[in-house]
Each structure stands twice: as C-alpha cells, then as structure tokens.
Amino acid sequence: MIEHTIIFTGPLRSGKTSAIASVSDIPVVSTQEVTSDLVLDLGFGITQDKSATLVMDYGCMNLGGEERIHLFATPGDERFDFMWDALTEGAIGVVILLDNSRRSPLKEMDFFLNAFGTLVEKRRAVLGINRMEEHPIPTLRTYQERAGLLEVQVPIFELDPRQPKDVRTALRALLYSQDPGLVQSPV
Amino acid sequence: MTAVEPIKVGAFGLDDRARKLLSLFFAGPCKGRFALVSQFQADVLIVDLDRPSGWNYYQTQNTINPSRPLVAISLHRDREMEVEFFIKKPMRLETVLQVLEKAAARVHGASLSSKPPERPKPPSPQSVASKSRLEERKEAPEEYQFLQLLRRRPKADLAQIKAVAELFYDPAQCIQGHLQRTIQIARAEKQGMQISGFWGRLYIDPLEERAYSELLDSRLRPLTVMRISQREIEVIPIEPDHLQALRQGKNEAIRVITSIDALLWRLSLWSSRGRLPKGTDIESPVFLRHWPNFTRCLETPNAMRIIALWARQPASLTDTLEALHVSQAETFALFSAALAVGCAGIGRRQADSLLSPVPLEPTPQRSLLKRTLNRLFRHEEES
Ligand SMILES: Nc1nc2c(ncn2[C@@H]2O[C@H](COP(=O)(O)OP(=O)(O)OP(=O)(O)O)[C@@H](O)[C@H]2O)c(=O)[nH]1
Ligand SMILES: [Mg+2]
C-alpha cells in the first residue's frame, strides 16, 4: 500500500468531518475503528492509555491500484497541538476550515495558519470559510486582506463543507498551488 | 404560384451604398426571395469581418443566437476564424445567392421544405458585372491603413494587425466598467449603491459584500456585448430602509443574490470574451494579490493553473502562455476578470535580467498530485 495524507483542520464544529464525508470513498469513521498500518504507525487509534490517544475522524480516497490518500480531521482540541507535527510531515496538504459564525474567526485563522506554518510555507494549505451565507461578516475581503498583512499566499474560498463540489475545488487548488504545471489526463 | 415569405437578411458592417445595392439585388434578380432587414429581425445575418469589430461582432452573435446562420464576408479567409458560411470579397452575386440559400436552408429547413422555394433566375452576366461594384472597397480608413501596412510588411501581417486590434476592449464602455465604478464608490463610502439603466437595477452592499440583481444571468449576459455610455447609467445611494429590505429578502424584484466579486467576475469574463483591457502590456509582470473565490466565481479553463503560477511569481501574459501552454483567450479572459475584482495587478515591465521567467520544474510529487487530480475529476463527472 502506498499511503498519503491530507489533513482537515479548524476549530470545533467548523465542518471538518462533513468535508471529509464529502470526498471520502468510505463512510467517515473514527481512527479508533481503523487498523491501517499507517494510522497505527502514526500513533493514532487504539492504545492502552485512552486518555493520551488522539482520536480523529478518518476517510480515504482510493487512487486506484495500491495507492490511497488518508483524510484525517484533527480534533477541535488544542491539547493535541504537539501531535500535528507528526501528522503534517509528508502530508500532501492541509485544508483549514473556519466557521464564520464564531466570535473571532480571524484570530482562528491566524492561529491555524501559524500552527500549520510549515505546510503554509510550502503552498500546501488552503483555507475554506463556511456558513458565509447566514453570516456574511467578516467578508472574504477581510480574510484576504488579513492574509495579505500576514504575507501568506494561500487560496481562500467560501466553502460549504457539506457540498462535495466546494471541497473538491479546495483540494484542486491545493494540488495546483504546488504544481501549476499539472494537467489532468483525459479520463 | 404561392407567395413565399421572403427570407430576412440582415447585414453588419456594410455601408449605405452596399446596402442599397444588396436590396436592389434582392428585389430584382432574386425576385423577392430575400429582403434586407435590420439585424434584429434577420433570419440570416451577413457580417463583414474586415470591419474593425467584425470578428468580435460575429462571435458575439454566434453566442447570443447560435441558431441564426451567420454569413461571414472578408477579403481573406482566415483559418483561425472558424465560420460556417463564407463569401470572399470581391463578392460575386451568384456566390452570394448560393450561400444565402444554404444558410436559409439551415434556418428554414423544416418550415419551408414542403414548399420548394422558388429559385431565382441566376443574374445575367451583365448584371453581375455592374453589381460587382458592391465589393469595391468602401471608404474605410482602417482597412485602407491595414492594406498599406500589409504592403510594407512581410506576408500575414494584416491578419496580425487585425488580431491585435481585436485583442483589446475598453471596460469603461461596458457594463463591467460602470459596475466597477459603482463598487468602488460603494466600498470607499461604505454605502450601499444602486446602479440602473434601461435594463434594470443592480444593488451593491459593500458591508456584506453582496450584490442583488433584478436580472437573471440570461438577461445580464447580453448587456455585456453592448456599448453603454455613462449617460445611460444612473448610480445613486440605496436608502437605509431599502438596504434593510434587500438584506431581509423583502425586495420582490430581486432575482439573483451573489457576492460582489462573483458578479463582477462574471460580467468581466463576458465583457472580455478573451480580450484584454485596453492598454494592457502583455510583457509586463502580472502579480497575484489573492486567489479568486473559485467556489463561487466561474472557473474558466485552466484558471487555477494560471492563478497558481502567478501566486508563485509574477509572470507576464506572454510568459504565462508559454509556461503553461494555455490558450490566449482563456488567459486573457481570466486576467481581465482578475484585474477587475482586484485579485491581480500588473507591474511595470522589468529589465530583462531582473525577471526572466523561471521555468516550471515539475515537482517530485507531480505524478501523485496528478493521480489525485484525476480522482477528483472522476468524481466531478459522476456527480
Ligand atoms: N448551515 C451550515 N452548516 C454547516 C456548515 N458547515 C458545517 N455545518 C454543520 O455544522 C455541523 C458540524 O459540522 P462537522 O462536520 O461535524 O464539524 P467538525 O469540524 O467535524 O466538528 P468537530 O469534530 O465537533 O470539531 C454539522 O451539523 C454540519 O452539517 C455550513 O457551511 N453551513
Ligand atoms: Mg468532527
């Protein structure tokens, strides 16, 4: 098996699980239920000491043959910050989801851009803002300006994680950011 | 003999004299088989491609009304320009007749097939000779200039000159420019603004970055091919009560609600139709301020690749074409929209040594990324 990962992160209830469900080939499960070597190798899933276990939502995309991409949702819990490094190493990228209905989503944007800074620097990050329909403020312009101030070049999209099309658009941006020369092969 | 309704023929780019000759020809040798009418009533439309805006007009008409046959006339048949019916200048009347019949057959095929059309007598040789002045060069200074230039330059340059002239458009003369100006005012004043004209109203709410339109896309789109002067546009503030009503969905006339950028993006793409804003230097570097909101803004072919390239490093339009092997039209349309919404800008032309295009090295992960991309596309097609 050739294994790759894409991470979905963001604050509590920001749509991480929904986003994975939108593109996963399998129903979303918890890492506790998965026995993939990779998942175990990374130290997630079942361990003796439940309290120190990082349980994450999990889905996957099969690329055909012996290859697949694991989709992980980080728990909306900052106690596990230190685990993210292990997770991000070698990841194709990270989808940062923000909830526009929260009190200070811009601060959360700063937090997550910083937490996943190594991926952001390598253009392996994309930002999705959800619930914009019901909560138009802050506007996308505000996020764009904020990113400009932080001098990060990251695709920022309005994104409804329940809509597969939106999630696929974000994932494609993640791929093209890394390699604009990519072309899709005719199917 | 049953009277057959004449086939209505319109003409774009013909001067008065040519029109008069054409209508004489229709009434005389063609025995009323055709009638010259305004372009709006025409079943078949003749378009002079040698007019400065001829090709543009042709494409526009083709988009707006694809079922209406278009007959292109020109001094040269440009292989780049794909046309269904073509008459080479100088026009011979038999050819005009033949081609118009073919075009008419396409439009009236069903309705007229039961009554075979009365074939007009081919014009006598002498009438052809006398009428063939139709194709003599009219007073058209641009065309004359093109020809002069052609004579001074090596072969194929006329086509190039024509192409370059048709490469640019002036957003200020289009609905795009008027909308852009309205948005600018709205944002600067932090004030809801209304822009209206004979076509209806659009409302811009800069605080929520929303646009409210009384027009469905299908009604908005034809506006983008029209020249609209400032006199035909009214821009005024929205009353606070009305703004409230808009936000609460209480204005019954509103048909479409989008983000301001998504509206401007779309209108710019349509206005551009593969052309560049007037004055764009295709050798100056394009830089990206931020990505367009591709989940809501129309994603044109290769748009993400082009944007991703500009996100890496500023690149001129010509370098972009070369680096990505993308088409001019898709690149220029995307640039026009990106410039309009402000996510891209254009810098000053750099000294060659300062900004030579960095060749795009495939990343080591390219094949993985490509397989992932294909997987996403596969699902796009299934859903
Ligand atoms: N209306 C609306 N609901 C959304 C949107 N995004 C997510 N939701 C809903 O919000 C709820 C939480 O979504 P999840 O996908 O479970 O979020 P999560 O980030 O996995 O949540 P945690 O794992 O608890 O941190 C679900 O009921 C979603 O359907 C959105 O853009 N609009
Ligand atoms: Mg979850």
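A residue counts as buried under 20% relative accessible area, as exposed over 50%, and as partly exposed in between, using a 1.4 Å probe and protein chains only. This is a predicted model, so local features need pLDDT of at least 70 and side-chain atom pairs count only at pLDDT 80 or more, while totals for chains, interfaces and linings use all residues. Residues are numbered from 1 along each chain as its sequence is written, chains are lettered from A and ligands numbered from 1 in the order in which they are written, and side-chain values use heavy atoms, leaving out hydrogens and water.

Start with chain A, which has seven helices and seven strands; helices are DSSP runs of H or I with at least four residues, strands are runs of E with at least two, and both are numbered from the N terminus. Along the sequence they come in the order β-α-β-α-β-β-α-β-α-α-β-α-β-α. Of the 187 residues in chain A, 56% are buried.

Now for the metal. Thr17(A), through OG1, and Asp57(A), through OD, coordinate the magnesium ion (ligand 2) at 1.9 to 2.8 Å. Donors here are N, O and S atoms within 2.8 Å of the metal (3.2 Å for Na, K and Ca), and water is not among the atoms, so sites may look incomplete. Thr17(A) sits in helix α1 (residues 16–23) of chain A and Asp57(A) in strand β3 (residues 57–64) of chain A, 40 residues apart. Thr17(A) is partly exposed because its relative accessibility is 33%, and Asp57(A), at 24%, is partly exposed too.

What does α1(A) pack against? Its axis comes within 9 Å of that of helix α7 (residues 164–178) of chain A, and the two cross at roughly 90 degrees. Axes are lines fitted to C-alpha atoms, for helices over the stretch in contact, with angles running from 0 to 180 degrees between N-to-C directions. That makes the pair roughly perpendicular, a label for angles of 65 to 115 degrees. Ala19(A), Ser22(A) and Val23(A) of α1(A) meet Pro164(A), Val167(A), Arg168(A) and Leu171(A) of α7(A), where contact means heavy atoms within 4.5 Å.

Over in chain B, helix α11 (residues 303–312) and helix α13 (residues 328–341) have axes that come within 10 Å and cross at roughly 65 degrees. Ala303(B), Ile306(B), Ile307(B) and Trp310(B) of α11(B) touch Thr331(B), Leu334(B) and Phe335(B) of α13(B).

Note on methods
Parallel < 35°, antiparallel > 145°, perpendicular 65-115°, else oblique.
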